[in-house]
Amino acid sequence: MSDCVNSIGVDVGGTKIAAGVVTDGGQVLARERVATGSKAGYESVIRQIAELARNVAQQAGLPLGSVRAVGLGMAGQIEGGTGIVHHAVNLFAERDIPLGPMLSEALGLPVTVDNDVRASTLGEYLFGLPGRPASFLNVFAGTGVGSGFVDRGRLLRGAANSACEIGHHSIDWQGLACGCGSRGCLELYAGGLGVARQAREAMASDPGTLLWLLCERDPGRVDGRMVATAAGRGDVTAAGVIERAGQALGAGLANAANLLNPEVLMLGGGLMKLGESFRKAALETFQSRALATVRRSVRLEASRLSDDAGIVGAASLWRVGPDGTIA
Ligand SMILES: [Zn+2]
């Protein structure tokens, strides 16, 4: 029975760090989260992660030394296999941080670091979906948009561990300038920050929209939740913002699916809280744009593990070999 062996998974985000003890069967035994203290520098974040790992092990009643491994998922450019974080723009000003080796030394345990959406994809693949589909594309729409892809039991990494950056594929080659250097990137239109920007633009031409009331006349405060609230109360301008963001996501999904031909296409992330009209607009646009063979062969799924996907997937990173093969 492999369920008696446990690992620790840590989901490191720009605003919060969540950690959990996870069994080999994908069950979360204990969990804890704290606000990310990245303003105090990366060493303080490493101390936070180490403390969280010790806390959750204690909560689960386990000596830290009995834990198999620690896995970390975080947004950024991470070197495969070494745990070196080249660039995590929403976390650290510094580059090339040996986060994995430093944490491993602090805890006395093997540590694996990988991209957060890739970790979530692994979690959903192993423990969210029934069975293991031949090819699985997981798209996560939150503040930005990320994805992960598993094909015939292998997690796609690419040449420099940067595969599947769906948020930075362009859906408008002459569109808005993106921080990555390109133009018209998907996440500028279909991520949380993009939704807020589009809401502000729509407010400028509609003095009567409920959004002005919800943000207390400070457009800088507008976020996805306010847009969803306004749309839920029948505000046409807010509903239009949600529909356009959904359509943008659908166009991106069609591009990605045409490229990868997944058996299962999963959609998750905080932006799903925009509601059914967002999801409907995304799926309708996807259906109208994906190639017929791609469209007919895909099964569409919503995230199964939801907020736990990051922790469960990170805790399972020890299963992934250097070539991406999942044990
Ligand atoms: Zn970009």
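Axes here are lines fitted to C-alpha atoms, for helices over the stretch in contact, and angles run from 0 to 180 degrees between N-to-C directions. Keep that in mind for the exercises below, which all use this predicted model.

**Exercise 1. Describe how helix H5 and helix H8 cross, and which residues meet there.**

Step 1: Find the two helices. H5 covers residues 192-204 and H8 covers residues 236-260.

Step 2: Look at the axes. They come within 10 Å and cross at roughly 140°.

Step 3: Classify the angle. The crossing of H5 past H8 is right-handed.

Step 4: List the partners. From H5 come Gly194, Val195, Gln198, Ala199 and Ala202, and they meet Thr237, Ala238, Gly240, Val241, Arg244 and Ala245 of H8. Sorted by class, this contact holds six nonpolar, four polar and one charged residue.

**Exercise 2. Work out whether H1 and H2 are parallel, perpendicular or oblique, and sort their contact residues by class.**

Step 1: Start with the geometry. Helix H1 (residues 42-59) packs on helix H2 (residues 99-107) at an angle of about 45°, and their axes are 10 Å apart.

Step 2: Name the arrangement. That angle makes H1 oblique to H2. H1 passes H2 in a right-handed crossing.

Step 3: Find the residues. Ile46, Ile49, Ala50 and Ala53 on the H1 side meet Leu99, Met102, Leu103, Ala106 and Leu107 on the H2 side. By class, there are nine nonpolar residues in this contact, with no polar and no charged ones.

**Exercise 3. Examine the positive phi values of Glu216 and Ser306.**

Step 1: Recall the background. Most residues other than glycine have a negative phi.

Step 2: Take Glu216. Its phi is positive, about 55°, although Glu216 is not a glycine. Glu216 sits in the loop between helix H6 (210-214) and helix H7 (224-232). Because Glu216 has 7 other C-beta atoms within 10 Å, Glu216 is exposed.

Step 3: Take Ser306. Here phi is also positive, near 50°. Ser306 lies in the loop between strand E12 (299-302) and helix H11 (309-315). With 14 C-beta neighbours inside 10 Å, Ser306 counts as partly exposed.

**Exercise 4. Does the radius of gyration of the chain agree or disagree with that of a compact globule?**

Step 1: The chain has eleven helices and twelve strands, and its C-alpha trace spans about 60 × 45 × 35 Å along the principal axes.

Step 2: Compare. For 327 residues a compact globule would have a radius of gyration near 20 Å, and the chain has 20 Å, so the two agree.

Step 3: Look inside. Of the 327 residues, 45% count as buried. Among contacts between residues at least 6 apart in sequence, 63% join residues at least 24 apart.

Notes: Residues are numbered from 1 along each chain as its sequence is written. This is a predicted model: local features need pLDDT of at least 70, side-chain atom pairs count only at pLDDT 80 or more; totals for chains, interfaces and linings use all residues. Helices (H or I, at least four residues) and strands (E, at least two) are DSSP runs, numbered from the N terminus. The radius of gyration is taken over C-alpha atoms; the globule rule is 2.2 Å times the number of residues to the power 0.38. A residue is buried if 20 or more other C-beta atoms lie within 10 Å of its own, exposed if 12 or fewer, and partly exposed in between; C-beta atoms are placed from the backbone. Two residues are in contact if their C-beta atoms, placed from the backbone, lie within 7 Å. Angles under 35 degrees count as roughly parallel, over 145 as roughly antiparallel, 65 to 115 as roughly perpendicular and the rest as oblique. A crossing is left-handed if the near helix is turned anticlockwise from the far one by less than a right angle, and right-handed if clockwise. Ala, Val, Leu, Ile, Met, Phe, Trp, Tyr, Cys and Pro count as nonpolar, Asp, Glu, Lys and Arg as charged, and the others, Gly among them, as polar.
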